[in-house]
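Please look over the sequence and the model below.

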Amino acid sequence: MSSRVYVLAQFKPKEGKEAELFEVLKALEPDAYREEGCVQYRVTRQIDHPSATRNDYPIVFNEIWRDADAWAAHGRRKQIQDFFTSQVQADTGIVEDALVTAYTDESVDFDAPVFV
């Protein structure tokens, strides 16, 4: 059974704040990679491409965590909580909206082996 958690943290910056937000988020990467359960933590920026559709969330963190506990521990870090408090929740922040979703790579009816 795979225990990995795949996370997409999508951000919609306030008008004129996209470049600044990208840099603020990029600054979170080094410490996240130091976390024991972090497999991948990469901030990305939406690009124009004929095979893609644009949306209102042009900046996305693509995260992979060892398991749900590792992801939860990441969310309890002061640096991450401070970012959400100052940039997402505060009226003076540079984020208009954020959408965080988590995924698994297992099918609903995965027949996981049982080890005894």
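In which helix is the place of Q87? Q87 sits in helix α4, where helices (H or I, at least four residues) and strands (E, at least two) are DSSP runs numbered from the N terminus. The model is a predicted one, in which local features need pLDDT of at least 70, side-chain atom pairs count only at pLDDT 80 or more, and totals for chains, interfaces and linings use all residues. Residues are numbered from 1 along each chain as its sequence is written, and side-chain values use heavy atoms, with hydrogens and water left out.

The protein chain has 4 helices and 4 strands. Read from the N terminus on, its elements run β-α-α-β-β-α-α-β. The C-alpha trace spans about 55 × 40 × 20 Å along its principal axes. Of the 116 residues in the chain, 31% are buried; buried means under 20% relative accessible area, exposed over 50%, and partly exposed in between, with a 1.4 Å probe and protein chains only. Contact means heavy atoms within 4.5 Å. Among contacts between residues at least 6 apart in sequence, 70% join residues at least 24 apart.

The aromatic rings come next. A pair of aromatic rings is described by the distance of the centres and the angle of the planes. Rings of Phe, Tyr and Trp (its six-membered ring) pair if their centres lie within 6.5 Å; planes under 30 degrees apart count as stacked, over 60 as edge-to-face and the rest as tilted. By this rule there are 5 aromatic pairs. One of them is formed by F11 and F84: the ring centres are 6.2 Å apart and the planes stand at 45°, so the pair is tilted. Because F11 lies in strand β1 (residues 5–13) and F84 in helix α4 (residues 78–89), the pair ties together parts that are 73 residues apart in sequence. F11 is buried, with a relative accessible area of 2%, whereas F84 is partly exposed at 27%. Ring pairs link F11, F83 and F84 into a cluster.

F84 also has a place at the largest pocket, where E63, H74, I80, F84 and V100 lie nearest the centre among the 14 lining residues. On a 1 Å grid over the protein atoms alone, a pocket is an open set of points where a 1.4 Å probe fits, with protein on both sides within 12 Å along at least five of seven lines, while a cavity is a set from which the probe cannot get out; lining residues have an atom within 4 Å of a point. The largest pocket holds about 160 Å³ of space, the volume being the space filled by probe spheres set on the points, which are joined across faces, edges and corners. β1, β3 (59–65), α3 (68–76) and α4 each supply at least two residues of the lining. The lining divides into 12 nonpolar, 1 polar and 1 charged residue; Ala, Val, Leu, Ile, Met, Phe, Trp, Tyr, Cys and Pro count as nonpolar, Asp, Glu, Lys and Arg as charged, and the others, Gly among them, as polar.

H74 belongs to helix α3 and is buried, with a relative accessible area of 4%. Leaving aside residues up to four places away in sequence, H74 touches A32, E35, Y41, E63, W65 and I80. A32 is 42 residues from H74 in sequence, with the two C-alpha atoms 7.5 Å apart. The side chains of H74 and Y41 are joined by a polar contact of 3.3 Å. Such a contact is a pair of N or O atoms within 3.5 Å; within protein, one must be able to donate a hydrogen and the other to accept it, and residues adjacent in sequence count only if both atoms are side-chain atoms.

Y41 is also touched by E29, whose contacts beyond four places in sequence are Y41, R42, V43 and F61. E29 is in helix α2 (residues 29–33) and counts as buried at 6% relative accessibility. Its side chain reaches the backbone nitrogen of V43 at 2.7 Å.

The side chain of Q87 reaches the backbone nitrogen of I94 at 3.1 Å. Residues up to four places away not counted, Q87 touches D82, G93, I94 and V95. D82 is likewise in helix α4 and counts as partly exposed at 37% relative accessibility. A polar contact of 2.7 Å joins the side chains of D82 and K78.
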